[in-house]
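Please keep the sequence and the structure in view while reading.

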Amino acid sequence: MANAFFNVPIAVNEPVKSYAPGSSEREEVLKAYKEMFNSQIDVPLYINGQDVSTGNTRTMSPPHDHKHSVGTYHLAEKKHVEEAISTALEARKSWSQMPWEQRAGIFLKAAELIAGPYRARINAATMIAQSKTIHQAEIDAACELIDFLRFNVQYMTDIYAEQPESTSDAWNRVEYRPLEGFTYAVTPFNFTAIAGNLPSCMALMGNVVVWKPSDSQVFSAKVVMDVFKEAGVPDGVINVVFGDPVMISDTILSHPDFSGLHFTGSTFIFKELWKQIGNNIHNYKTYPRIVGETGGKDFIIAHKSANAKQVATAISRGAFELQGQKCSAASRAYIPDNLWEDVKNYVIEDVNSFKMGSPEDMGNFITAVIHEGSFDKLAKYIDQAKADDDAEIIVGGGYDKSKGYFIEPTVILTTNPKYTTMCTELFGPVITIYVYEADKYSETLQLLDETSEYALTGAVLATDRYAINEATRALENSAGNFYINDKPTGAVVGQQPFGGARASGTNDKAGSAQNLLRWVSPRLIKETFVTPTDYRYPFLG
Ligand code: NAD
């Protein structure tokens with residue numbers, strides 16, 4: 001029986017390790033990389049705490065070496081998804097009654113396991129599965145996931161502490177119940193941290209989950225599940241299924257006990273899932289919560305007062321780290337003509353200095369894009385830009401998929417501010433730049449705001465404070481995360497809660513209490529101490 005109000009550890013961001021030559025962490029991660037790269041693993045489904053092999057398997061290969069296999073994973077049939085749902089609902093009976101400090105203990109332990117004994121493994125798995133450099137793996141799979149786990153525990157207790165006023169004769173209390181039913185987490189390939197956060201934050205709040213990771217992230221999702229298991233997540237609380245997303249979603253979204261979707265991925269898929277939930281609305285026992293963080297067409301705008309070298313660095317880092325496969329990656333830029341010559345030269349110099357190849361070679365800044373579908377799509381847009389009169393490639397433009405899915409970091413210069421790659425999310429190492437007349441800043445802000453359906457991240461670079469203020473106001477609805485004199489990527493949990501509006505998502509801010517609030521259903525309890533015994537009010541005389 002809990003008989004105290006416990007304080008949780010104050011959440012602090014996990015320090016990012018350097019992996020500099022000669023450091024012990026570099027040695028450890030390279031050792032783990034080699035071992036994992038040269039072994040074969042078999043990844044089963046995970047249902048009710050049991051490994052479930054279906055025999056129907058698919059190969060896992062690193063994007064930077066796609067003929068090499070690191071193992072296989074099993075694909076679910078409908079019956080497995082149904083089993084995951086019924087198992088979750090059974091587990092809910094105990095899990096939803098588990099005291100919060102016990103749930104907190106599990107996920108705080110998961111954070112420490114990743115910070116310590118699992119760090120090299122989860123980073124190496126992310127380097128292999130998603131072709132991340134060690135720095136990109138460290139800030140994602142280790143640090144961001146640790147931060148999510150720690151900060152969510154703190155936010156959970158902040159939420160529970162939020163209580164209504166009471167009077168001397170009536171005590172009002174709010175409890176934050178988990179959703180009635182089961183929840184569904186659907187995660188993207190690009191962040192191991194998001195894959196870990198979406199199911200775990202719902203489970204932390206007392207929910208039970210069926211989690212469907214991306215096919216391109218199974219290898220690192222397996223390490224996340226190993227961590228959750230070792231941390232003590234009870235059987236049936238988080239169940240993992242892989243396979244045909246349409247069949248899995250159809251099975252889950254048609255279930256009467258479905259109570260919430262926590263999605264991160266592309267806009268089209270999210271809208272389709274939302275539509276499906278709408279079509280099933282009469283079958284559900286409750287109104288399902290729908291949270292989706294989706295695509296972006298993230299921008300950089302420089303004012304004529306900006307520093308050209310700073311603008312170029314924001315482009316080089318913002319557009320090309322992780323091959324432009326961050327939802328926040330800069331993919332369109334508006335540069336004033338007074339700065340353009342300098343910005344162009346600096347960016348070309350940067351891009352020409354990037355090394356590209358396997359993440360195992362830590363001198364590489366650029367690695368491969370995630371899969372052949374993505375490679376082919378990017379190659380098509382690059383070829384189109386080479387052919388179009390209103391576009392010109394000023395650096396990059398090469399691609400080669402003989403060994404891995406390598407696309408050269410590419411800068412397209414366009415004379416058409418509505419050129420297709422100024423509007424469409426490509427999700428790769430390609431940025432399109434439009435050079436505007438330096439005195440047409442206000443018009444360009446308006447143009448920027450009207451150019452894309454998305455509103456995820458964006459940045460303004462300027463030294464003139466009036467120009468900063470003007471952009472901040474004019475672009476109020478153009479980005480959910482707006483950066484001043486910085487690149488538009490690199491949000492840190494607890495510091496820059498992340499999410500966008502318009503077609504970029506429901507903006508429930510991953511890594512914040514706002515997000516966790518979506519996974520609870522408050523119950524008000526009013527207790528009256530002296531209960532009335534006469535219905536007549538004084539005014540009745
Ligand atoms: P994706 O939409 O292809 O896949 C996301 C998930 O949806 C995967 O698990 C996939 O298997 C699943 N899925 C695919 N088709 C489905 C269907 N018909 N029914 C149900 N599920 C289905 O996205 P991706 O390529 O993995 O990730 C890249 C996208 O995610 C980009 O658009 C990017 O902007 C976005 N993203 C957004 C954020 C954010 O916070 N806003 C963060 C990361 C990624």
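Where does Phe 539 lie? In this predicted model, Phe 539 belongs to the segment that follows strand β23 (520–528). Its relative accessible area is 68%, so Phe 539 is exposed. Together with Tyr 535, Tyr 537 and Leu 540, Phe 539 forms a nonpolar patch on the surface, and the accessible area of these residues together is about 570 Å².

**Helix α12**

Helix α12 spans residues 372–387, 16 residues in number. From its first C-alpha to its last, α12 reaches 22 Å, close to the 22 Å expected at 1.5 Å a residue. Within α12, the residues Ser 374, Phe 375, Leu 378, Ala 379, Tyr 381, Ile 382 and Ala 385 are buried. Viewed down the helix axis, the buried residues of α12 fall within an arc of 165°, and they therefore line one face of the helix. Lys 380 and Ala 387, on the other side of α12, are exposed. The cover over the buried residues of α12 includes the strands β14 (391–395), β15 (399–400), β16 (406–407), β17 (410–414) and β18 (430–436), as well as helix α13 (420–423).

**Salt bridges**

Side chains of opposite charge can pair when their charged atoms come close. Across the whole structure, a search finds 27 salt bridges. Three of them are listed below.

| Salt bridge | N to O distance |
|---|---|
| Arg 119 and Glu 14 | 2.7 Å |
| Arg 536 and Asp 534 | 3.1 Å |
| Lys 440 and Glu 437 | 3.7 Å |

Salt bridges with shared partners join Glu 14, Glu 112, Arg 119, Glu 138 and Arg 150 into one network. In the pair of Lys 440 and Glu 437, Lys 440 is partly exposed at 38% relative accessibility, and Glu 437 is partly exposed with a relative accessible area of 47%.

The salt bridge between Arg 119 and Glu 14 has its N and O atoms 2.7 Å apart. Arg 119 lies in helix α4 (residues 119–130) and Glu 14 in the segment before α1 (24–37), so this pair ties together parts that are 105 residues apart in sequence. Both Arg 119 and Glu 14 are buried.

**Two further buried residues**

Asp 226 is part of helix α7 (residues 218–231). At 16% relative accessibility, Asp 226 counts as buried. Apart from neighbours within four places in sequence, Asp 226 is in contact with Tyr 118 and Arg 121.

Ser 328 occupies the loop between α10 (308–320) and β13 (330–336), and at 5% relative accessibility Ser 328 counts as buried. When residues up to four places away in sequence are left out, Ser 328 touches Asp 298, Leu 456, Thr 457, Pro 488, Thr 489, Gly 490 and Phe 498. Ser 328 and Thr 424 are 96 residues apart in sequence, and their C-alpha atoms are 14 Å apart in space.

**Backbone angles**

Most residues other than glycine have a negative phi. Asn 48, although not a glycine, has a positive phi of about 55°. Asn 48 is found in the loop between β2 (45–47) and β3 (50–52), and is partly exposed with a relative accessible area of 36%. Arg 502, likewise not a glycine, has a positive phi of about 45°. Arg 502 is placed in strand β22 (residues 501–502) and counts as partly exposed at 39% relative accessibility.

Definitions and conventions
Residues are numbered from 1 along each chain as its sequence is written. This is a predicted model: local features need pLDDT of at least 70, side-chain atom pairs count only at pLDDT 80 or more; totals for chains, interfaces and linings use all residues. Side-chain values use heavy atoms; hydrogens and water are left out. Helices (H or I, at least four residues) and strands (E, at least two) are DSSP runs, numbered from the N terminus. Buried means under 20% relative accessible area, exposed over 50%, partly exposed in between (1.4 Å probe, protein chains only). Patches are made of residues with over 30% relative accessible area and no salt bridge: like charges are joined within 9 Å, nonpolar side chains (Val, Leu, Ile, Met, Phe, Trp, Tyr) within 5 Å. Accessible areas come from the Shrake-Rupley method with a 1.4 Å probe; for residues, only the protein chains shown count as cover. A salt bridge is a side-chain nitrogen of Lys or Arg within 4 Å of a carboxyl oxygen of Asp or Glu. The expected span of a helix is 1.5 Å times one less than its number of residues. The arc is that of the directions from the helix axis to the C-beta atoms. Contact means heavy atoms within 4.5 Å.
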